[in-house]
Amino acid sequence: MLAVFPITKSWSKKKKSVKPDFDNVAKLYCDALNGLMREDDKQVVDGRCMKVYGQQPGVLGLD
């Protein structure tokens, strides 16, 4: 999954270039899909999550 977050206007250039922490995003979506795509997120054995900042916020599934 690719999670795109809005850029905060008050951030300095240095803060915008810091690599974002993504584990909270991955956990959020694994938990949210419990009962929908699988019985429980403990069934997930592999995955990839990227968190970036950009002009159009949203979440995209990656194949």
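## Aromatic pair

This predicted model holds one aromatic pair. The partners are Phe5 and Tyr53, with ring centres 6.4 Å apart. Their planes meet at 55°, so the pair is tilted. The cut-off for edge-to-face is over 60 degrees, and stacked needs under 30.

Phe5 belongs to strand β1 (residues 2-6), and Tyr53 to strand β2 (residues 50-54). The pair therefore ties together parts that lie 48 residues apart in sequence.

## Fold and contacts

The protein chain contains two helices and three strands. Read from the N terminus, the order is β-α-α-β-β. Of the 63 residues in the protein chain, 17% are buried. The accessible surface amounts to about 5,400 Å². Carbon and sulfur atoms contribute 56% of that surface.

Among contacts in the protein chain with a separation of 6 or more, 76% join residues 24 or more positions apart.

## The N-terminal residues and their partners

Arg48 sits in the loop between α2 (23-32) and β2. Arg48 is exposed, at 60% relative accessibility. Its C-alpha is 6.3 Å from that of Met1, although 47 residues separate Arg48 and Met1 in sequence.

Leu60 is part of strand β3 (residues 58-60). Leu60 is partly exposed, with 49% relative accessibility. Leaving aside residues up to four places away in sequence, Leu60 touches Met1 and Leu2. Ala3 is 57 residues from Leu60 in sequence, yet the C-alpha atoms of Ala3 and Leu60 are 6.5 Å apart.

## Cysteines without a disulfide

A disulfide is a covalent bond between the sulfur atoms of two cysteines. Searching the whole structure gives zero disulfides. The cut-off is 2.5 Å. Cys49, in turn, is in no disulfide, and its nearest cysteine sulfur is that of Cys30.

Are these two cysteines buried or partly exposed? Cys30 is partly exposed, at 22% relative accessibility. Cys49 is buried, at 11%. The line between the two classes falls at 20%.

## Confidence

Mean pLDDT for the protein chain is 77. Residues that reach 70 or more make up 81% of the chain. Where is confidence lowest, and where is it highest? Helix α1 (residues 13-16) is lowest, with a mean of 61. Strand β1 is highest, at 83. Phe5 of the aromatic pair lies in β1.

Where pLDDT is low, the predicted coordinates should not be read in detail.

Methods: Residues are numbered from 1 along each chain as its sequence is written. This is a predicted model: local features need pLDDT of at least 70, side-chain atom pairs count only at pLDDT 80 or more; totals for chains, interfaces and linings use all residues. Side-chain values use heavy atoms; hydrogens and water are left out. Helices (H or I, at least four residues) and strands (E, at least two) are DSSP runs, numbered from the N terminus. Buried means under 20% relative accessible area, exposed over 50%, partly exposed in between (1.4 Å probe, protein chains only). Contact means heavy atoms within 4.5 Å. Accessible areas come from the Shrake-Rupley method with a 1.4 Å probe; for residues, only the protein chains shown count as cover. Rings of Phe, Tyr and Trp (its six-membered ring) pair if their centres lie within 6.5 Å; planes under 30 degrees apart count as stacked, over 60 as edge-to-face and the rest as tilted. pLDDT is the predictor's confidence in each residue, from 0 to 100.
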